[in-house]
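Welcome! Please take a look at the sequence and the 3D view below, and then we will walk through some points together.

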Amino acid sequence: MGARRRIAAVTATVAVCALLAAACGRSANSAGSSATGNISPTKGLVTDTQAGTKTVPSVTWAVYRDVNSLDPIYAFDYPENTADSLMCESLLRQAPDGALQPGLASVATPSPTTMVFTLRPGVKFWDGHPVTPADVVYSLDRNTDPKLGGFYSLVFNRVKSIAATSSTQVTITLKQPDYWLQGELASVPGIIIEKAFAQKQGKNYGTPAGSIMCTGAYMFKSWNPGVGVIAVRNPHYWNSSVHPLVDQITIKGVPDISSFTSGMLTGGIQGSYYFALSTLNQLKSSSAVKVWQGPGWSTDAFIVSSFKGVLGSLKVRQALSLALNRQGIINSVYKGAALMPRWLSNPGTFGYGKSVFTAAYDGSPVLTQNITEAKKLVQQAGATGKTFTIGTSSQLANISAVTGDYQAAAQAIGLKVVLKSVSAQNYINFFIDPKARAGIDGFLTVNYGDYADPAALLSTLVLPGGSQNYTNFNNPQITAALEQARSTANLNKRAALVAKAEKLTMQQMPWIPNVQPTSLLLLSKGLTGAVASFAYMFAPWADGLGGSG
Amino acid sequence: MLVASLLVASFVIFAALYLAPGNPIAALSGGRTLPPSSIAVLEARYHLNEPFLAQYWYWLKNALHGNLGISITLRENVSTLIASRIWTTAGLVLYASLIIVALGIGLGILSGLRPGAFDTSTLVTTAVSAAIPAFVAAIVLILVFAVKLGWFPALGNGTDFLSNVRHFTLPAVALAISSLAIVARVTRASVREEGRREHVQTAVSRGIPGRQLIQRHVLRNAAIPITTVTGITIASLIAVAAVVEVAFSLNGLGAYLVLSAQSKDLAVVQGISLVLVTAFVVVNVIVDVLYAVLDPRVALGSRAQ
């Protein structure tokens, strides 16, 4: 329910590639050999980097476009999340490995439909005002205020009431048990802002004209659209065990990959979580840059948006999945920064019940290529020679590259593909406009949930009424397993139920997973200490950032 | 003329953007499914639920009062957003113009006056560089002068005047390089042509000294076509600047215009377009005034023949 789609906003800059990156083309055998055969969920991946020890005067941190808002209820994409999670904190916190921890508050569940949050002693905003239950209630209620039109209102659909129940406690009463809500409250929807400050700012809160008031180790200084959002060290941070080391961090939008690359190489940019980076190998080989790969929480997948055509046949979907050259995608699109999938969700999302998840995951088959088997399935389905349509955009380099891989896969097993290409900015309509989806059988996405749980993404596409369930897919067993997981307190039991749902989903293939991207962290030489996993999107990532000793 | 141009341009751009596919609410919500009540609130806030002419009238009325509206994506006044970027583009275009005028016209005159090896090499160089699009120039310049040599920064604006000059040098060269070649070639051709004119030959035969001959008889007459082509190229830089701004991650108007058009942020597109149209008209007026200065036969308000 909390999952969202992302279009890698990467424009096709062919000439840029040719000159700046040695291996930019789409040769299937190009570099990225380090990841070949790397299918284990955690092998070679780091969740955290060694904490910095020296102070640093200034760091410029690149995001793929400019920040549009600093108001967490409108934070829906990489730039906004990166800026908000640098400065703001949620009620609970996701550790770099995805585990849920106390944040500004700790949580207790006296009954399956009651959650009591107790504020940690001493938590205060940048201006020194203590965080009160009224601030918490106000911040959470903003998510569902129809006048504000926030993006997270669905997250709270099982909430009956949110109320301050003592001077340090807030109680959430639920209509039905909902253990997924805690994950959301450790993510962007759970960010706490100061009520009096936000009310005074009114419409200007979180805009370039206004300001924000949060609690984190870095505090907002200024925002000049087009130049960047500047955060400075908070000398009075409430958590005395954290000592921020960077005087000033500028979050800067750098949409152009070649500009980003030369910025990293020349030191104009000192850090980033850039993704799907065509120049990754060039950056890796530079002595000026250090690259880490951490667990990713996103999935690169083919959304089957209509079962009316030939993709309505399970055998055809399975055949297409079998025929796909996933290693080719890992090498050429991700330059090695992705894993072969076994499930729909990325194994990086195993934030709880890790041993249960890992055992179930390792017992599931890897989706390797097998053209012979795929051809057989197509013949059995009687689909040879039939056509399906992929919605794509030639302006989105990665989307169009993977579309090409699907064309090749279909061709190899006797299917035909028609492309319906739209402009980059209209690609989003495939997700939101049924008219845009009319006449197409599927399209590509990179999709992730708000917190470390495979169910966060899975539930959006397999549950009836899910926000990305375009085919009205409904499998009673999967639905039952996920609904039960949502109401199960015990973490291992919950993990077992979600694992069951993932396995059943792979038998039905409502979507076809392509690859599981890892999370990239790039830092200038001499810098260290940033979170390396995808958790950076939802929890403070620069608390340990600083110079290496 | 300025007012008429602005009015027509604003209407055409507004209409084109209105008709273009896409939905600003979708851009705003990142494609998330919003509850109908939220969509209604947003549409009412930005007058998206009203008919086309009403929307345009609403915008025009506000614009006449100096209010260019609010950016949908940033929820900030368009005039503030433009003001924070205008100096980047202005500085970039000005810097590039200086390079074009100084180097382009200079090279053109020199090679026009001195046939031989210098002239030939200028011809070859300008033929090549005229064909280099700004984005290719940007990549090569970054690769050589920022990444390999480290002489100039690869991206971003500076903080004070000197560091701005440093930051803007590569972008300005990238922007100027192909226009520079064209201006140089036109200058060379017209200097050559004037040099062969009868009155110049007569002046030569009368023994008028070289410097005076060139200044009074060759350059003065050659100045009209040079001014025309320089004016046009500089005006066109304003549009090309977008490409260079993206390549160097500068916060200029051009890059912002592209971004806003993509997300259908109508008020921003309108605002920037007005600034660009105004700049274009102003450059042309300056060229017209220069004609009159250079050639007294050209009266202001009429066109040079």
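What percentage of the 549 residues in chain A do buried residues make up? They make up 60%, where a residue is buried if 20 or more other C-beta atoms (placed from the backbone) lie within 10 Å of its own, exposed if 12 or fewer, and partly exposed in between. This is a predicted model, in which local features need pLDDT of at least 70, side-chain atom pairs count only at pLDDT 80 or more, and totals for chains, interfaces and linings use all residues. Residues are numbered from 1 along each chain as its sequence is written, while chains are lettered from A and ligands numbered from 1 in the order in which they are written.

**Chain A as a whole**

- Chain A has 17 helices and 22 strands; these are DSSP runs (helices H or I, at least four residues; strands E, at least two), numbered from the N terminus.
- Taken along the principal axes, the C-alpha atoms of chain A fill a box of roughly 70 × 55 × 40 Å.
- Of the contacts in chain A with a separation of 6 or more, 75% are between residues 24 or more positions apart; a contact means that two C-beta atoms, placed from the backbone, lie within 7 Å.

- Strand β8(A) covers residues 169-174, with A:Val170, A:Ile172 and A:Leu174 on its covered face and A:Gln169, A:Thr171 and A:Thr173 on the uncovered one.
- In a regular strand, side chains alternate between the two faces of the sheet.
- Strand β6(A), residues 114-119, pairs with β8(A) in the antiparallel sense over five bridges; strands pair if DSSP finds at least two bridges between them.
- Strand β7(A), residues 159-164, also pairs with β8(A) in the antiparallel sense over five bridges, and a hairpin of four residues joins the two.
- A:Thr173 in β8(A) stands opposite A:Thr114 and also opposite A:Ser161.

**Helix α12 of chain A**

- Among the buried residues of α12(A) are A:Ala397, A:Ile399, A:Val402, A:Tyr406 and A:Ala410.
- After α12(A) comes A:Gly414, which has a positive phi near 85°.

**The largest nonpolar core**

- The largest nonpolar core holds 249 residues, and B:Ala138, B:Ala174, B:Leu175 and B:Val244 touch the most other members; such a core is a set of buried Ala, Val, Leu, Ile, Met, Phe, Trp, Tyr and Cys residues joined through C-beta atoms within 7 Å.
- Helix α10 of chain B (residues 210-247) gives the most to this core, with 18 residues.
- Leaving out residues up to four places away in sequence, B:Ala138 touches B:Ala174, B:Val244, B:Ala247 and B:Phe248.
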